[in-house]
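Here is a short tour to read alongside the sequence and the coordinates. Have the viewer open and follow along topic by topic.

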Amino acid sequence: MLLLASALAGGDEDWEAYIHVSRSGVANHLYTALVQAGLSVFRDNDEIERGGNLKWELDKAIKGSQISIIVFSKDYASSEWCLDELVMILDCKDTSRHTAFPVFYDVEPSEVRNQRGSFADAFSRYEEQLINAGSDTETGKELMKKSRFIQKIVRVTEEKLNRTVLSVPHHLVGMDFRVQNIHLWLQDKFADANIHVIYGMGGIGKTTIAKIAYNLNFHRFDSSSFVANVKQHAEQFNGILELQNQVLSNILKGEKGRLYNVHEGSIKINQAICSKRVLVVLDDVDKLDQFDALLGTRAFYPGRLAWAHAAHEVYDVEILGCDESSKLFSWHAFGQDHPKDGYVEQSESLVTRCEGLPLALQVLGKSVVVWEDALSKLEEVPHTDIQKILKISYDTLQDDYDKNLFLHIACFFIGGEKDDTVKILEKCGLHPTVGIDSLIDGCLLTIENGNKLMMHQLLQEMGKEIVRNESPKEPGRRSRLWCDKDSFCCLGFLKTLDLSYSQRLARTFNFSRLPNLEKLILKGCVGLLEVCESIGFIKGLDLLDLEDCTSLKKLPSNIGLLNFLQELNISGCSSLVDLSLELGNMKSLSVLRANDLSLKPLPSVTGEVTPWRTFFRPWVSKPEKS
């Protein structure tokens, strides 16, 4: 998530940087470079509305920016307007937290300070325009000089703004000490090691440490990329390829073509990295081939978070001390850095059980409203069993709606868009809008990368373990199946398959594994293009629901083999152009729902055109079976 500096400063600023420069060629280049670096920049010739009060608009823009970049060039003082604008900037600097950042382009600071050279000429002959517009063309040497000058301005501006580009928890305890070594290493341009491994158990704060160090140092590099949840993405279809596209886009700052295979991606990423000083963070890597694909083959410790800065250094993250643990727990439980009166003993007991693990302290701190229950359960939990400690936060959820919502998300929706997930889960009657807020308040769920549902890996594993324990030996008796192996084992006994609103489902799988299926529901699968012909061999199917499958153009040709099909719903299948004539042979079909169709007329053997309503008439007159 990209957090603008204006939000950090209290929300009053509209811009991060205000460019104050005379009308020279450097202005456009500087503006472009700052925008490419992700800064929100005000430039008066673009942002001020025509016909507006120019001076008032400029004054407002200056006050609405955190920093003004004043570029003194040889022709600067020849502009009366530039000098008036400079007065506004200095007045704002004296009366607020506004920062004035002077840079000198092709002019010595002493010329400005002592009004020598072109500045002396400008002030002595103020009414004349002393310096004419320069040549329209620039030599390669001049362009290189200007480019280096601009990039230096960008780097210093980012340092002064202290921008944060990755979200971190609000209450950070003990992190300064833990980040210090990595921070110093990243500042050392001559360090022998160019890979740094952050090592530690789950929930100890490795990702948080990496994010803080990244926020502090990304501006020191030509390009940077933070790749989150590598292991999780790698398990998805084309997941590594998507991550390669992200890395390459970040390194080249958007100037790339689409990658189509992992091998091509590895080569192009290596080529891009070799020519630049690049910072890349890979979060949650558990296999060597993931690292190789994203950064090329190098010496590596699998299963840890790696900095690609090949020699390596290892940082073993320590658990929080007693005082640190108490502070972190108290921030989440009481909104202050120490326990409230009357809760000191209970706090100490809970903190001791968490054994310095930040995730456990954070999650249990949010369960303060049910502490008596939490404390009694902790008495039965071994000190080393973090999963059981975290499960207490699940047990203390207020109702079954929130518990079921947590399990659904943990098993199926991590990394999914929040809005899409809400639409799906609303159909399950889980009240997801309110429930998601409850899970976030309980530190069981976060919203990251714009609008994606994310959960710590330990919490996700805890949710799946809860479901596994419903029936450890018989997956078919569990409430949810997410593992392919377990799913295929249970398919042969499946009677109802509901894939409603699976928006990315383009083609159904082979139904030969589902001999006992009785009901197939594909309602709202708007991306569905094809239903597999193998559906004709599900002899016992009595319900087929294709309502609002708006991309489906035809039904399976052997649908007439479904001798026991009683109900067919194709309402809203707006792309259907014709139907299988085998429908007419389906004697068991008693309910046909076919609203909002755009079918072509039905040709006959005589060449006449017959409307489809004559085809549907047999079912219109049939009574529904009771």
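Let's start at Glu 530, which is partly exposed, with a relative accessible area of 37%. The side chain of Glu 530 meets that of Arg 507 in a salt bridge, at 3.3 Å from N to O. Please keep in mind throughout that this is a predicted model.

**Salt bridges**

- In total, the structure holds 13 salt bridges.
- Another of them joins the side chains of Glu 465 and Arg 468, at 3.0 Å from N to O. These two residues lie three apart in helix α23 (residues 457–468), so about one helical turn separates them.
- As a general point, an α-helix has 3.6 residues a turn, so residues three or four places apart point the same way.
- Both partners are partly exposed: Glu 465 has a relative accessible area of 35%, and Arg 468 has 32%.
- Glu 474 and Arg 477 also meet through their side chains in a salt bridge, at 2.9 Å from N to O. Here Glu 474 is partly exposed at 43% relative accessibility, whereas Arg 477 is exposed at 64%.

**Nonpolar cores**

- Which residues have the most contacts inside the largest nonpolar core? They are Phe 406 and Ile 409, in a core of 63 residues.
- Helix α20 (residues 400–413) gives the most to this core, contributing seven residues.
- Setting aside neighbours within four places in sequence, Phe 406 is in contact with Tyr 394, Leu 397, Leu 439, Leu 444, Met 455, Leu 459, Met 462 and Gly 463.
- Apart from this core lies another, of 31 residues, and among them are Leu 505, Leu 546, Leu 576 and Leu 579.

**Helix α12 and its surroundings**

- Helix α12 (residues 239–252) has 14 residues and reaches 20 Å from its first C-alpha to its last, close to the 20 Å expected at 1.5 Å a residue.
- Its buried residues are Gly 239, Ile 240, Leu 241, Leu 243, Gln 244, Asn 245, Val 247, Leu 248 and Ile 251.
- What do the buried residues of α12 pack against? Their partners are β6 (223–227), α11 (230–234), α13 (262–274), β7 and α14 (288–295).
- Just after α12 comes Lys 253, with a positive phi of about 55°.

**Leu 282 in strand β7**

- Strand β7 (residues 278–282) includes Leu 282, and β7 is one of the elements against which the buried residues of α12 pack.
- Is Leu 282 buried or exposed? Leu 282 counts as buried, because its relative accessibility is 0%.
- The C-alpha atoms of Leu 282 and Leu 294 are separated by 8.5 Å, with the two residues 12 apart along the chain.

**Cysteines**

- How many disulfides are there? The count comes to zero.
- Cys 549 is in no disulfide, and the nearest cysteine sulfur, that of Cys 525, is 5.1 Å away. A disulfide would need the two sulfur atoms within 2.5 Å.
- Cys 549 counts as buried at 0% relative accessibility, whereas Cys 483 is partly exposed, with a relative accessible area of 31%.

Conventions
Residues are numbered from 1 along each chain as its sequence is written. This is a predicted model: local features need pLDDT of at least 70, side-chain atom pairs count only at pLDDT 80 or more; totals for chains, interfaces and linings use all residues. Side-chain values use heavy atoms; hydrogens and water are left out. Helices (H or I, at least four residues) and strands (E, at least two) are DSSP runs, numbered from the N terminus. Buried means under 20% relative accessible area, exposed over 50%, partly exposed in between (1.4 Å probe, protein chains only). A nonpolar core is a set of buried Ala, Val, Leu, Ile, Met, Phe, Trp, Tyr and Cys residues joined through side-chain atoms within 4.5 Å. Contact means heavy atoms within 4.5 Å. A salt bridge is a side-chain nitrogen of Lys or Arg within 4 Å of a carboxyl oxygen of Asp or Glu. The expected span of a helix is 1.5 Å times one less than its number of residues.
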